[in-house]
Amino acid sequence: MKQYFFKYPFLLLLLLAISISCSSDDDAAVEAEEGQETPDPVAYQALNLSEYDNGSRVMMQAFYWDVEPRFEWWNTLSTQLEDWSAAGVNRIWLPPATKGQSGGYSMGYDVSDYFDFGDYEQHGTVATRFGTRTDLENLIATAHDNNIEVIADIVLNHNSGGGLEYNPYRGYDTYSLFDETHGNASGMFNRNYEDFYPNSVSNYDPGSLFYAETNLDHHRERVQNWLWKDENSVAKYYKNVMGFDGWRFDYVLGFESFVIKDFLADVGGFSVSELWDGDPDLIREHIEATGSGAFDFAAFYRMEQAFDRYSDLTYLTRDQVWQTHPDKAVTFTANHDTEKDGNIDNYIERENKLKAYAFIMTHPGYPTLFYSDYQNEAFKAQLDKLVSIHNSLAVGDLEVLFTDEDEYIAKRKGTDANPGLIIYITTNTSTKRRTINTGWSSRQLMDYTENSTYYPATAEDGSTQLEAPANGYAIWSVMEE
C-alpha cells in the first residue's frame, strides 16, 4: 500500500541539497577517544526543563492489538493516567469502544452497534473486550481529572455482524440487517440494505476493502443524520453523553473527504485521520480537503527507510508532511497495525525504535507514544526523557546541519527565551564526533538524554565538537551558568 511519489520536485531538490553536505576529508567526523571533563557543578547546572515548558505535549495510543486481559482494559488504563499526565501526555487514543461482531474478542473495528459501549447482551457478551460502559465512563472521567483528552476511534464506513436479508440491489442475501435482534441491540441507527452500497441513491462504492456488502453510503441523508447531524447521532452522543473529546478516523481511503469535513463542521474536536500511504502529497490533499490532522505515514516510512531498509540517514531529510503542515501532522513510530504486520517494510525494528522516537520528539509535528513501547522497561526511562525534551526545548525553526549515510544532525533554533536543541543521530558502530556551529556562543553544553557523558564547550563563534554514541543519539543544549 506504500507509494513513493513526489509531486513537488523542487521541494525534494531543496531537501536533498541540505542533505548532501556529506563527509569530506576536511570535515570528517572523528571517533571519540576521551570525554571532556565534567563541568564544575557549582558553575554549571542542567536546565530545569519544567521552566521551559513550551506548551507542547504528546498523545498516547492506549492499546495494542488483542489487548489483555479481556474485559479489564478500561480499568487497566485508568490506573496509569495520573503517571501519563505527569510525564507529558495530554491525549489518549482509545480503540473503537462499542460492540463488534466478534463480541468479547473484538478490537472494535468490526463495528456492529455504534451505541453499545458494554450495555447489551449481544454477540455473546455484555461487556466489550475492553470492559463495561461504567468502566469506560470512569476512564473518561479519570482522564479529564488528569487534564487528558480522550480520542474516540471512529469506523465510519464498514459494518459487520448484522442479520441476513434479501438484497434486491445485489440479487442475493446479505448480512445488512441491523436491528434490535440482529447486531444492534441498542435500537439506535438501525440499518438495512438501503443504507449500504449499492442502493436507490448510489450505484458505486468509493472504497470497500472491508465488508464490501455492508459499506455505508454517506450520500444518504439518514446515514449522515445518524453519524453526525442529529442530536442523537453517533458523533454527538460520543461527545455530549460519553464525554469523548476528539476523533481518530479509521481507514479514510474507504470514503470521501466531505464526510470528515462535514462531521467536524458539526461537532468539532481534535481529529486525526488514518490515511495509510507513504505519499506525503496524498496526505496533504486529505488535510486540505477535510481540515483534519493526519498520521504522517510519510515520516514513518522515511524513518523505516533511514534506520532499517536502506541504512541511510539522508532519507530523514526527504519529503514528509510535518515539513509543510506541522500543526496537522501526527507523527509516530508504531501503531497497533504496524506492530502486527508481516511485511518488514511496514514496521521499524526494535533496535531502531528509540532513534525513531528521538527524531519525532525533536522535530515539528504532534508525536504519538505507542502503549507497548512505553510499557517496555527497556524504553520507558528514555522515552520519559524524550517527552520532557519535546515539551520543553523542541521549539523554533528546524535546520538540518549535517547528514550523510550514518550521521544526522539537526537544530531547533529556539526562541529568545528558549535555547532550543541539537539532535545528533548516528548508526555508526563507533561513537562519533563532528565539529558544528551551534549558534550558542561561549556556552557549556550537555546531552539531555544522558546517553553521552561528554561535556563540550562552545567557542565565541558557537563552534564545538558534538558527539553521538555508537548506533544512538544525543540531544544537546546549553547548561545554566
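**Figure 1. The end of helix α6 in the predicted model.** Helix α6 is followed by G243, a residue with a positive phi near 95°. This view, like those below, is drawn from a predicted model. Within α6, the buried residues are V234, A235, K236, Y237, Y238 and M242. The cover over these buried positions includes the helices α4 (133-145), α5 (221-229) and α7 (257-267), together with the strands β6 and β9 (246-249).

**Figure 2. The largest cavity and its lining.** A search of the whole structure returns 1 cavity of 30 Å³ or more. The volume of the largest cavity is about 80 Å³. Its lining comprises 14 residues, of which P96, A97, T98, D153 and Y238 are the closest to the cavity centre. Two elements, β6 (149-154) and α6 (234-242), each give two or more residues to this lining. Strand β6 gives the most, with 3 residues. By class, 12 of the lining residues are nonpolar, 1 is polar and 1 is charged. Y238, one of the residues closest to the cavity centre, is also among the buried residues of α6.

**Figure 3. The largest nonpolar core.** The largest nonpolar core of the model contains 130 residues, and the members with the most contacts inside it are W84, I92, L94, L136, F244, W247 and L369. Helix α9 (residues 297-309) gives the most to this core, contributing 8 residues. Beyond four places in sequence, I92 touches M60, A62, L81, W84, L139, A143, I148, E149, V150 and I151.

Figure 4. L369 belongs to strand β13, which spans residues 366-370. L369 has a relative accessible area of 1% and therefore counts as buried, the limit for that class being under 20%. When neighbours within four places in sequence are set aside, its contacts are V58, M59, M60, Q61, V89, Y357, M361, Y374, L383 and V387. V387, one of these partners, lies 18 residues from L369 in sequence, with a C-alpha to C-alpha distance of 9.2 Å.

**Figure 5. Strands β14 and β15 around V400 and I409.** V400 is located in strand β14 (residues 398-403), and I409 in strand β15 (residues 407-412). V400 is buried, with a relative accessible area of 16%; I409 is likewise buried, at 0%. Leaving out neighbours within four places in sequence, I409 contacts E399, V400, L401, F402, I422, I423, Y424, R434 and I436. I422, included in that list, is 22 residues from V400 along the chain, and the C-alpha atoms of V400 and I422 are 9.4 Å apart. On the scale of the whole chain, I409 and Q122 are separated by 287 residues in sequence and by 55 Å between C-alpha atoms.

Figure 6. The peptide bond joining E68 and P69 is cis, with omega about 0°. D66 is not a glycine, yet its phi is positive, at about 60°. With a relative accessibility of 36%, D66 counts as partly exposed.

**Figure 7. Further backbone features in two other loops.** In the loop between β8 (172-177) and α5 lies P198, and the peptide bond from Y197 to P198 is cis, with omega near -20°. E450 is found in the loop between β18 (445-447) and β19 (463-468). Although E450 is not a glycine, its phi is positive, about 65°. E450 counts as exposed because its relative accessibility is 53%, and the exposed class begins over 50%.

Figure 8. The mean pLDDT of the chain is 93, and 92% of the residues reach 70 or more. Over residues 1-27, pLDDT stays under 50; the model has 49 contacts beyond four places in sequence for this segment. Where pLDDT is low, the predicted coordinates should not be read in detail.

Definitions and conventions: Residues numbered from 1 in each chain as written. Predicted model: local features only at pLDDT ≥ 70, side-chain atom pairs only at ≥ 80, totals over all residues. Heavy atoms only, no water. Core = buried A, V, L, I, M, F, W, Y, C linked by side-chain atoms within 4.5 Å. Buried < 20%, exposed > 50% of the residue type's maximum accessible area, 1.4 Å probe, protein only. Helix = DSSP H or I, 4+ residues; strand = E, 2+ residues; numbered from the N terminus. Contact = heavy atoms within 4.5 Å. pLDDT = per-residue confidence, 0-100. 1 Å grid on protein atoms, 1.4 Å probe; cavity = no way out; pocket = protein on both sides within 12 Å on 5 of 7 lines; lining within 4 Å. Points joined across faces, edges and corners; volume = space filled by probe spheres on them. Nonpolar A, V, L, I, M, F, W, Y, C, P; charged D, E, K, R; others polar.
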